[in-house]
Amino acid sequence: MAAAQDHPAWTRRGRVIWGGNLHEPLAFYRRENRLMAGVAAQGLWLEEWYKKVRSERTIEQLAELGVNLLYVNFAKGAGDPEYEDRAGTKRLVATCRRHGIRTLAYIQFACPITESLLIARPEARNWLARDRFGRPQLYGGNRYYRQRMCPANPAYIEYVKTLIREALVDYDMDGVFLDNFYYRPCYCDHCQRRFREYLRERFPDPLASLGVADLRGVRIPEVESRETVITDRLHQAWASWRMTVLPEVAESLRRYVRSIDPDAALCANICYPRMDNWSLRGADPRRFLRTFDISYAEASTSFPRWENGQAVSNALVLLMGADAGGNVLPGAWLPGLQLPERADQIELCLGESLAFGGHVLAGIWALRMKGRKWARNEQELSEPYFTRPEVAGTWARYNRFLLDHPQLYIGSTLDCPVAIYHSAASMTYDFGVAYAAFVNASQSLLQARVPFAALFSEELSRLNRYRVLWVPSQRCLSDEEIAAMEEFVRGGGRLIVTGWCGLYDQFRRERRDFGLNDLTGASLFGPRPRDGTSRASGKGETVFFPSAPELAGVNTRSSVVKPTVPNAAKQVVEAVRRQLGPALKLQVEAPPSVLMAVFKTADGATVTHLLNYNNREPLRDVPLIAPAGSPLRSSTPKAFSPDGPHPATLTEQSPGCWVLAELKTYTCVMWDREE
Ligand SMILES: [Zn+2]
């Protein structure tokens, strides 16, 4: 698996400012002829806009704003250079180069324009993904001219490699971007064959393990795709197999890109946390966050904001990306794919990338149109959106902040005493419960400003890095996972168990008794313990909440999960805090709309990042308290903020207590030493 140091230096966290989207050829917009996330393709000013956003003047303006990376139309997949506007690509790459901006070639991975591709490359017919009736699959279910390709088909991947080579060698681009890097249930001959091979290898005695007499008769199960519980053993095996398809492809493409140019980047839209990537559902998303140099985390409508008492945020995927040593480009829109209008929205969008690891500062809205809503005259209809003064000014300010303070982000690592457990079997076979519980546990800790990381089944050996492990309703646990948790607690670790974790084994077979009975002292044959019952084992302790408070009021039969913090979950957060003691180095007295992340810089300094999701109401005089025993008590902190000089004013009030004069959107505090 790729390690962080494998990423080309220019792609790493703290270095990338993305100027927006130039990935679609004009022909694509011309045909769609409708409003597409701020591009009025139906407007008679479409061509004028297309020329303007690619003009020398625009590229020069972007460079002045600090932009250093763009993705550019290259292969929407029509197989036709004129459709793709390759001549325009060549000019644009040269213009960008003149202004110090790197370019990625856009390649539509899952859903090319098959209508013309099938004529240009007749063999592409063999690469099509098939539904369970053997029919081609349409993009979005209704885009009749775009059929899905099957990434499990090696011939298709070879074709993608020819596109990559062309972009890097013939067009001299700095890397490639694969859009829609996902795998959906596919019933093509390749998938059928490869699934049977997997079964043969994995289950030498299929009768005993799967209840199947002869694997030769097995076909991929024809089942509903949105199930939240998977019990059928063959269906389980299929769910596990399909998670192996794309990581292999990603790794082979990464090696291919590097073999052409060791400094070229491989980037992709991993469609996470948007949960339609079936190669990710149940799996550790960091396998992609690690492999790709930049991962576009598409999340449709989770543009950061404060809504109904909850932070709508991309923090979780950003934290996972930082932990994997990768760099994330958050691709989130406002509901209705609206563009952010106000400076506070743009501050939050960019501040989120900074606060959770110094990820790509991405103006995905920047090169859209002013259009009907913002134009004051006919001329302005085709103006790029970022030229609105409130947009350009804010964007410039945040970009400048990153360029001036790279030491806060480059090479930084997550510093957190808590992990939340993400069990592979629970996520795969018990998705409805396990994923909602994981997401809500994360949201609870985020809004309580308790720094955490996600811990995955494959990396239980890392458990000792943490003081507290929260296992939120991960009901399918193997004997090995349970043994690792027992060892963790006996050695001094603190375990928080919510719900009946380990009720099932790793194949969702019911255990004779509750799997964590030794640690919790609870038995399915005894009385049900009260929430918050704690029990010591060895040097550590386990606190058990059988009612699964993080799922209170949650519909676990839904495959669409929206993070919430049930009131009941607050008692779990309190238990986490108690178990942490001074390992929670800093308390910030602020409303739950202020989220916090803690990183260690490459030099070893601690940096506390604060982001106010309710930033239409700036906070004044925010106390920061290092409790007795905290290593930060004797430190001299220094604050930094792109929101002006005032939010960076920090005054010591008493030993271990400082006051931040203002928290508008984003402020971070660097602590000079720890003892
Ligand atoms: Zn297939």
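The model is predicted, with local features requiring pLDDT of at least 70 and side-chain atom pairs counting only at pLDDT 80 or more, while totals for chains, interfaces and linings use all residues. Residues are numbered from 1 along each chain as its sequence is written, and side-chain values use heavy atoms, without hydrogens and water.

The zinc ion is coordinated by the SG atoms of Cys150, Cys186, Cys188 and Cys191 at 2.2 to 2.4 Å. Donors are N, O and S atoms within 2.8 Å of the metal (3.2 Å for Na, K and Ca), and sites may look incomplete because water is not among the atoms. Along the chain the donors follow the spacing C-x35-C-x1-C-x2-C. The arrangement is tetrahedral because the four donor atoms subtend angles of 100 to 115°; the term requires all angles between four donors to lie between 85 and 135 degrees. Cys188 and Cys191 are both buried, that is, under 20% relative accessible area, where exposed is over 50% and partly exposed lies in between (1.4 Å probe, protein chains only).

Cys186 also belongs to the lining of the largest cavity, as do Arg148, Met149 and Pro151, among others. The volume of this cavity is about 70 Å³, and the whole structure holds eight cavities of 30 Å³ or more. On a 1 Å grid over the protein atoms alone, a cavity is a set of points where a 1.4 Å probe fits but cannot get out; a pocket is an open set with protein on both sides within 12 Å along at least five of seven lines, and lining residues have an atom within 4 Å of a point. Volume is the space filled by probe spheres set on the points, which are joined across faces, edges and corners.

The second largest pocket has a volume of about 430 Å³. It is lined by 19 residues, of which Arg202, Ser240, Ala424, Ala425 and Tyr429 are the closest to its centre. Two or more lining residues come from each of α7 (189-202), α9 (233-260) and α15 (424-429), and α15 gives the most, with four. Helices (H or I, at least four residues) and strands (E, at least two) are DSSP runs numbered from the N terminus.

Two residues other than glycine have positive phi. Asn33, with phi near 55°, is in the loop between α1 (26-32) and β2 (35-36) and is partly exposed at 45% relative accessible area. Asp85, with phi of about 55°, is in the loop between β4 (69-75) and α4 (86-98) and counts as buried at 18%.

Methods
Four donors count as tetrahedral if all angles lie between 85 and 135 degrees; four count as square planar and six as octahedral if opposite donors are over 155 degrees apart and all others between 65 and 115; anything else is irregular.
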